[in-house]
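Subject: Structure handover

Hello,

Here is the structure I promised you. Please open it and keep it beside this email as you read.

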Amino acid sequence: MLACTGTGSGVDVVVDLYDNDVFGTHAAVSVRTPDDEYVRGGETGAGLFDKGRIRREFVLDSEASGTAQTVVVSGAYVRSGSPKRVHEVYDEPFGQVVTKGWNYPLRAGVTVRTMGQQVKLTCGESFAYRLTTWRPDSTAE
């Protein structure tokens, strides 16, 4: 999970990237200018993060003007700080679910190129998980 924002030359950018083997890959990207706002959100093809690198192109649409803009998100990330142990037990309609593993904090440097501008982003709390999830009352793990 990576959540970043930035402003440059009258362009405000918000980028939220989430990549998960089980629950899907989601991207929410917003570019706002004084005249318009371009957005893209929802599921996307896998591969937002690749061995410490980020490079992905998105097409954002404007409801106001009916036009589109291309956004290229690029950068790098590294583990930062100590991993935290994860152990969660919760109930779902079909039984109990147990999740165990690790949460790894990340530090990222990310930029966005759009509308002839390059905008450096500041990323808030970012992290990666390595988890195993199972139902103890099921024979399948």
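Start at Phe 23. This residue sits in the loop between strand E2 (11–20) and strand E3 (24–32). Please keep in mind that the model is predicted. Is Phe 23 buried or exposed? Phe 23 is exposed, because its relative accessible area is 62%, and the cut-off for exposed is over 50%. Together with Tyr 18 and Val 22, Phe 23 makes a nonpolar surface patch of about 340 Å².

Now the whole chain. The protein chain has 0 helices and 11 strands. From the N terminus on, the elements therefore read β-β-β-β-β-β-β-β-β-β-β. The C-alpha trace spans about 55 × 35 × 20 Å along its principal axes. Of the 141 residues, 35% count as buried. The accessible surface comes to about 8900 Å², and carbon and sulfur atoms hold 48% of that. Take the contacts with a separation of 6 or more: residues 24 or more positions apart account for 48% of them.

Next, look inside. The largest nonpolar core has 22 residues. Which of them touch the most other members? They are Val 13, Val 15, Leu 17, Phe 58, Val 73 and Leu 121. Several elements give two or more residues to this core: strand E1 (2–8), E2, E3, strand E6 (53–61), strand E7 (68–79), strand E9 (95–114) and strand E10 (117–123). E2 gives the most, with 4 residues.

Leu 121 is then in contact with Cys 4, Thr 5, Gly 6, Val 13, Val 15, Val 110, Thr 111 and Val 112.

Last, the charged pairs. Side chains of opposite charge can pair when their charged atoms come close. How many salt bridges does a search of the whole structure find? It finds 2.

- Arg 32 pairs with Glu 37, and their closest N and O atoms are 3.1 Å apart. Arg 32 is partly exposed, at 43% relative accessibility. Glu 37 is partly exposed too, at 30%.
- Arg 135 pairs with Glu 92, with the closest N and O atoms 3.0 Å apart. Arg 135 lies in the segment after strand E11 (126–134), and Glu 92 lies in strand E8 (residues 84–92), so this pair ties together parts that are 43 residues apart in sequence. Arg 135 is partly exposed at 27% relative accessibility, and Glu 92 is partly exposed at 33%.

Best wishes

Key. Residues numbered from 1 in each chain as written. Predicted model: local features only at pLDDT ≥ 70, side-chain atom pairs only at ≥ 80, totals over all residues. Heavy atoms only, no water. Patch = residues over 30% accessible without salt bridge, like charges linked within 9 Å, V, L, I, M, F, W, Y side chains within 5 Å. Areas by Shrake-Rupley, 256 points an atom, 1.4 Å probe, with all protein chains shown as cover. Salt bridge = Lys/Arg side-chain N within 4 Å of Asp/Glu carboxyl O. Buried < 20%, exposed > 50% of the residue type's maximum accessible area, 1.4 Å probe, protein only. Core = buried A, V, L, I, M, F, W, Y, C linked by side-chain atoms within 4.5 Å. Contact = heavy atoms within 4.5 Å. Lists of a residue's contacts leave out its neighbours within four places in sequence.
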